[in-house]
Amino acid sequence: NENLINHKIVFLGESAVGKSSLVIRFVQDKFSLSQEPTVGAAFLTKKLKVDDLNYKLQIWDTAGQERYHSLAPMYYRGAAAAFVVYDITSMDSFERAKKWIEELKKICGEEIKIALLANKMDLDENQRVSKDIALEFATEKNLQLFETSAKTGLNVRKVFEETIKILPKT
Ligand code: GDP
Ligand code: MG
């Protein structure tokens, strides 16, 4: 008799920052350097246990929103959390992440928990976005920053676990 707490989590960010790779690393514990580009939106579900509570996550992996000026309601409707991803080797992707966060805050207000994911940490020899700038932004916007790598798995599970801890328990 399982008591599952359901939450929807949406991934946003510039294309090729590693959204799909992070979802696949978390759900299937796999990684591919030739990850297929996502078409439209897709969601995967994953069950996990945090602090003795059982969760069922509906994880929305998105693509193509880059073209639109605002976020389509289907992405954020009912979402408890949003993971906004950038690639540490691309300043453009960081600028884009900032825009997504502004957009989310405008549309969802305090209703949604946002985490900023600095992905591709395994490529830190080519890091263009310093941790200092990212932290400054995250602190100003009152969000958590996580340094991740879909390739090595660095902090991938942690992002989900830490976020779940601050979500409603119903
Ligand atoms: P998306 O468009 O945001 O969904 O990005 P993808 O998940 O399709 O990834 C784009 C490319 O970056 C693919 O070639 C991935 O293999 C690669 N990639 C994703 N995450 C990482 C990472 O953490 N490290 C490295 N080195 N490559 C990554
Ligand atoms: Mg994708």
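Modeller: Lys120 has a relative accessibility of 23% and therefore counts as partly exposed. Here buried means under 20% relative accessible area, exposed means over 50%, and partly exposed lies in between, as found with a 1.4 Å probe on protein chains only. This is a predicted model, in which local features need pLDDT of at least 70 and side-chain atom pairs count only at pLDDT 80 or more, while totals for chains, interfaces and linings use all residues. Residues are numbered from 1 along each chain as its sequence is written, chains are lettered from A and ligands numbered from 1 in the order in which they are written, and side-chain values use heavy atoms, with hydrogens and water left out.

A salt bridge is counted when a side-chain nitrogen of Lys or Arg is within 4 Å of a carboxyl oxygen of Asp or Glu. Helices (H or I, at least four residues) and strands (E, at least two) are DSSP runs, numbered from the N terminus. Side chains of opposite charge can pair when their charged atoms come close.

Nine of the nine residues of β4 are buried, so the strand is largely enclosed by the rest of the structure. Strand β1 (residues 4-12) pairs with β4 in the parallel sense, over five bridges; strands count as paired if DSSP finds at least two bridges between them. Ala81 of β4 stands opposite Ile9. β4 also pairs with β5, again in the parallel sense, over seven bridges. Phe83 has Ala115 of β5 as its bridge partner.

The packing around Val84 comes next. Leaving aside neighbours within four places in sequence, Val84 is in contact with Leu12, Ala97, Trp100, Ile101, Leu104, Ile114, Ala115, Leu116 and Leu117, where contact means heavy atoms within 4.5 Å. The largest nonpolar core has 28 residues, of which Val84, Tyr86, Leu104 and Leu116 touch the most other members. Two or more residues of this core come from each of β1, α2 (73-76), β4, α3, β5 and α4. The greatest contribution to this core is that of α3, with six residues. Apart from it lies another core, of 26 residues, including Phe26, Val50, Tyr55 and Val156. A nonpolar core is a set of buried Ala, Val, Leu, Ile, Met, Phe, Trp, Tyr and Cys residues joined through side-chain atoms within 4.5 Å. In soluble globular proteins, nonpolar side chains tend to be buried together.

A search of the whole structure finds eight salt bridges. In one of them, Asp29 meets Arg25 at 2.8 Å, N to O. Asp29 is exposed because its relative accessibility is 56%, whereas Arg25, at 13%, counts as buried. Another joins Lys165 to Glu162, with the closest N and O atoms 3.5 Å apart. These two residues lie in helix α5 (residues 156-165), three residues apart, which is about one turn of the helix. Salt bridges that share partners also link Glu102, Glu140 and Lys141 into one network.

Finally, some remarks on confidence. pLDDT is the predictor's confidence in each residue, from 0 to 100. The chain has a mean pLDDT of 91, and 92% of its residues reach 70 or more. The model scores are ipTM 0.99 and pTM 0.94. Where pLDDT is low, the predicted coordinates should not be read in detail.
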